[in-house]
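Please read these notes alongside the coordinates. They move from the whole chain to single residues.

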Amino acid sequence: MSTHFQRWTQSMTTQWFLVPQGTGIVALVLHQLDYQFAGLRTISYVFWVLTITLLLGFLATYLARCIFFPSKVLRALQHETGEVAGLSSICIAYTSIIQMTALTCVKSWGKGWGTATYALWWTNVVMTVCVVVGVPFVYLWVHPPGVSGLTPASQLPMIAALTVAAGGGTVCQSAELDPQFQIPAIVVSYLFVGVGLPLAFALDVLFWARLLDSSSSPPDNPQASFQCMILCGPWGQASFALQILGSGVLSGSFKSAASGIFLAEKAAAPVGYASIFAGLLCWGAGTFWWLFAIAAILKNMIRTGGTRRSTTDERPTRVDSAYDTEPDGWMQSDYLLCRHEAVSNGCELGIGVKDGKAVGNGQLERASWDEAMDLIVAKSKALQKHLTNHSIAFYTTGQLFLEEYYALAMGTIRLFCISGTNPLVSLPNLPRIRRLLTDPEPLVVVQDLCMTETAALADAVLPAGRAILKACHYSPPVDAEFPLRLAAGRNVCHFHTRTKTGRTALQKACPEPEVRISNKDAAAAGISDGSMVAVRSRRGEFNVASCCSLAGETVTTMAEEFTGGSEPPSRAKWSKMLT
């Protein structure tokens with residue numbers, strides 16, 4: 001299997017079926033518009049063919065995913081509510097294809113196509129029954145998301161039921177069927193309306209309750225705003241279904257049946273007109289949710305200015321806090337990777353400050369590494385339960401691999417972004433790391449310049465930025481007051497700011513910083529090896545031990561890993577205070 005095919009197959013989720021669902025609905029709307037102009041029907045036919053092509057292509061790809069990655073598919077269906085709901089879009093797209101076939105082929109090519117569409121509709125009935133029963137069953141009994149995890153996508157099974165009802169009305173009206181074939185389709189279609197409409201109303205009530213509850217309201221982002229468009233789907237489809245079914249009843253199918261109380265000529269008028277009136281009421285509900293979604297989208301666009309929020313924008317009102325002493329003020333901290341104004345997501349940490357110190361809730365306690373990580377796992381699982389799986393992601397460059405891979409093994413990380421590092425080669429216990437990264441969960445995304453071993457196993461590989469480096473000649477100013485140059489570099493015993501190496505035996509090998517100076521410069525200044533010297537630049541000064549071993553002249557070096565530790569800033573020995 002080629003790498004490109006493998007990536008495409010693994011990324012083929014059921015959410016992709018929303019695309020043919022949308023193109024199919026567009027085809028129907030364009031075909032049925034009362035206002036027609038030259039070429040509009042042709043455009044609707046193009047969307048119809050596009051819907052067929054997309055649905056068949058996506059079905060083939062998803063089937064390949066089920067064959068080659070069955071555990072990944074099963075895991076997604078068991079734990080992702082959106083993945084299960086996406087199966088409904090297959091039925092919705094299929095219904096639109098059947099409707100367009102009945103509207104176009106029967107008139108052009110004869111009643112045989114009407115019989116074909118009638119048969120296809122019944123196959124869709126079977127599929128829709130499986131979806132409208134199976135998906136809610138998963139919601140309630142397999143992986144309950146709770147009200148806080150309820151999204152508009154939960155309406156997709158109801159939309160499938162109401163769409164197949166609308167399809168039944170279209171087939172009865174356009175396929176030129178005999179009345180004895182129309183009656184079963186009309187009755188079954190009304191049964192689907194009875195299934196889909198009450199459940200859609202119940203889900204609307206739950207989603208409305210979620211919006212009113214600030215502790216479990218959906219995220220205020222463009223994706224959540226656009227998802228609200230799904231909420232008008234059940235009511236729009238119900239409106240169309242009830243109106244076209246009512247028209248079918250009034251056309252005389254009940255008269256020809258003449259059996260029982262319901263299927264009688266006298267019942268046709270009240271049933272038909274009541275159905276059309278109910279469809280008008282549903283149209284009002286659908287219009288409300290459509291306007292509601294538009295308002296949510298506009299609100300989000302106004303809040304963000306149409307782009308991602310910059311760190312310079314006005315910050316939102318704080319609604320969560322954890323402190324036992326009322327702070328005098330708040331200091332805002334942004335994630336370093338979000339500092340750039342053009343790409344900021346607005347990530348921030350608000351730190352309450354009182355008397356120059358951070359205030360918090362409770363005291364720090366000593367704990368073992370396992371105890372600390374178990375606490376992180378427990379908190380992460382609580383977040384998953386309250387805010388869904390999409391609330392947790394790790395961005396890693398290899399600096400916290402022990403903690404991250406511990407949480408990964410415990411199943412709390414569902415999205416793992418790896419940038420510029422190759423853990424499949426660099427980490428210890430590689431067999432375990434390989435098992436974690438090749439597991440169906442989580443989604444592994446790698447961003448790198450080269451196709452590394454880790455990138456080859458990732459679910460998605462993103463390109464890294466490339467830079468053109470040009471050499472230039474630069475020398476720091478040297479004069480009589482400052483005759484030497486200082487270069488801040490690395491120390492062989494320590495890494496970065498000694499966050500980890502300073503707590504190991506390496507600290508004993510190099511416990512204090514030192515400035516390295518050439519023998520010639522040291523002799524000229526009367527400095528001996530190991531003596532304390534004052535290092536002063538245009539920006540700062542402190543005392544540090546000397547090491548007379550550097551070969552070059554007029555250049556001194558000092559490690560950048562050392563920080564002030566517990567010393568006050570006036571006595572701290574930070575090389576960055578001098579540069």
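The points below cover the chain, its helices, a set of strands and a few residues.

1. **Basis.** This is a predicted model, in which local features need pLDDT of at least 70, side-chain atom pairs count only at pLDDT 80 or more, and totals for chains, interfaces and linings use all residues. Numbering runs from 1 along each chain as its sequence is written, and side-chain values use heavy atoms, with hydrogens and water left out.

2. **Whole chain.** The protein chain has 19 helices and twelve strands. Both are DSSP runs numbered from the N terminus: helices are H or I with at least four residues, strands are E with at least two. Of the 579 residues, 39% are buried. Buried means under 20% relative accessible area, exposed means over 50%, and partly exposed lies in between (1.4 Å probe, protein chains only).

3. **Surface and contacts.** The accessible surface is about 32500 Å², and carbon and sulfur atoms hold 64% of it. Areas come from the Shrake-Rupley method with a 1.4 Å probe; for residues, only the protein chains shown count as cover. Among contacts with a separation of 6 or more, 69% join residues 24 or more positions apart. A contact means heavy atoms within 4.5 Å.

4. **Helix α7.** This helix covers residues 111-142, 32 residues in total. From first C-alpha to last it reaches 45 Å, close to the expected 46 Å. The expected span is 1.5 Å times one less than the number of residues. Its buried residues include W121, N124, V125 and T128, then V131, V132, V135 and V138. In general, an α-helix has 3.6 residues a turn, so residues three or four places apart point the same way. The buried residues of α7 pack against α4 (70-79), α5 (81-85), α6 (88-109), α8 (156-174) and α9 (179-212).

5. **The α3 and α4 crossing.** Helix α3 (residues 40-68) packs against α4 at about 105°, with the axes 5 Å apart. The two are therefore roughly perpendicular. From α3, the contact uses Y62, R65, C66, I67 and F68; from α4, it uses P70, K72, V73 and L77. Axes are lines fitted to C-alpha atoms, for helices over the stretch in contact, and angles run from 0 to 180 degrees between N-to-C directions. Roughly perpendicular covers 65 to 115 degrees; under 35 is roughly parallel, over 145 roughly antiparallel, and the rest oblique.

6. **Helix α8 and its end.** The 19 residues of α8 should span 27 Å at 1.5 Å a residue, and the end C-alpha atoms are 26 Å apart, which agrees. Of these 19 residues, 18 are buried. S174 belongs to α8 and is buried at 17% relative accessibility. Leaving out residues up to four places away in sequence, S174 touches A102, L103 and V106.

7. **E176.** Most residues other than glycine have a negative phi. E176 sits in the loop between α8 and α9 and is partly exposed, at 42% relative accessible area.

8. **S96.** This residue lies in α6 and is buried at 3% relative accessibility. Beyond residues up to four places away in sequence, S96 touches G24, I25, L28 and T51.

9. **Strands β5, β6 and β7.** β5 (residues 415-419) and β6 (residues 443-448) run parallel, joined by five bridges. L415 stands opposite L443. Four bridges join β6 to β7 (residues 460-463), again parallel. There, V445 has A460 as its bridge partner. Strands pair if DSSP finds at least two bridges between them.
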